[in-house]
Amino acid sequence: MGILNVIHQFERMGAELRIEELNMRLRENRDSDRQYSLDVKEDRFVLSLRPDAEVEFSVPHFVQKQRHLLLHVATADQKEKFLCGHDERHWFAAGLPRNRTIRTVEDAMENLKPQPVRLLQRNDHTKDRNRRKNTTFIRQGEWFFVPVENLQPSKLLIRSWEPISRPGGKPHMVEELYRSAGTMMLVNRMGKMLRPEEYEKAVSQNPNSQVARDKSWVYRRVGADVFARGRVRHVDHATITLQGWHQIHMNEESAEVRGKALVFLD
């Protein structure tokens, strides 16, 4: 499928796909040999290509009612897949896990679900399994909230209006949040993580280093089981209300694909 046909598939979905030249000067933190990037704006998609790019694009599946399509991208050394579409208020693109068989939009949606959710839905063949709210989970963007029973954390450990976010994403604000176990780390606004002793060593060795000058470092518990209750707010999504405690899981979007190919995503 040529690029004009891909543009047509995006138009059928109701979206504009704009083709531009990839400006490598603005991609200093990305692979220097990157042949393309996919940028998601509020009102359009932007596909940036190197002038010498040898890339094949195709849309093997499209669901007009959902306004979702599956985009395949093939270069000489790798193949990548993206689920593109409209979710509540904005367009989105999600890099799909590699080395999995994904032929349809439904395959893509299933493979983006966290493993605990997929296990819970293993025998569920109802039409509601991909809705934002069903008997298994409530979803807001990339976050899945799965109800749990018999969780009674100490009030001293419950945080109010705590943010949850992935690196580079806009935070979702949780009315009540409880973390169990995990490791305490320092995280900056770009998502870089350091152990406290690594941070102290870097600052003591060079007070003028980039680590020391960065004022965005905050403590976060990494690898913890995280639970939410009450309202969850996000600028791009309708507020949801969790009745009782729910365990929080992030979708299984490919961090490798997102970090290299996607410029904006939330």
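Trainee: How many helices and strands are there in the protein chain?
Mentor: This is a predicted model, where local features need pLDDT of at least 70, side-chain atom pairs count only at pLDDT 80 or more, and totals for chains, interfaces and linings use all residues. Residues are numbered from 1 along each chain as its sequence is written, and side-chain values use heavy atoms, with hydrogens and water left out. Helices (H or I, at least four residues) and strands (E, at least two) are DSSP runs, numbered from the N terminus. On that basis the protein chain has six helices and 16 strands.

Trainee: What is the average pLDDT of the protein chain?
Mentor: pLDDT is the predictor's confidence in each residue, from 0 to 100. In this chain 91% of the residues score at least 70, and the average is 88.

Trainee: Which residues of α2 are buried?
Mentor: Buried means under 20% relative accessible area, exposed means over 50%, and partly exposed is in between (1.4 Å probe, protein chains only). Helix α2 runs over residues 105–112 and is mostly covered, with six of its eight residues buried. Their cover includes β4, β5, β6, β7, α3 and β9. The buried ones are V105, A108, M109, E110, N111 and L112.

Trainee: Is T136 buried or exposed?
Mentor: Start with its place: T136 sits in the loop between α3 (115–120) and β8 (138–140). Not counting residues up to four places away in sequence, T136 touches V117, L120, Q121, D124, F145, V146 and P147. Its relative accessible area is 9%, so T136 is buried.

Trainee: Which residues is V218 in contact with, leaving aside neighbours within four places in sequence?
Mentor: V218 belongs to strand β14, residues 218–222, and counts as partly exposed at 36% relative accessibility. V187 is 31 residues away from V218 in sequence, yet their C-alpha atoms are 5.5 Å apart in space. With those neighbours set aside, V218 contacts M185, L186 and V187.

Trainee: How far apart do the centres of the positive and negative side chains lie?
Mentor: Lys and Arg count as positive and Asp and Glu as negative, while His and the chain ends are not counted. Each charge is placed at NZ of Lys, CZ of Arg, CG of Asp or CD of Glu. There are 44 positive and 37 negative side chains, and the centres of the two sets are separated by 4 Å.

Key
Contact = heavy atoms within 4.5 Å.
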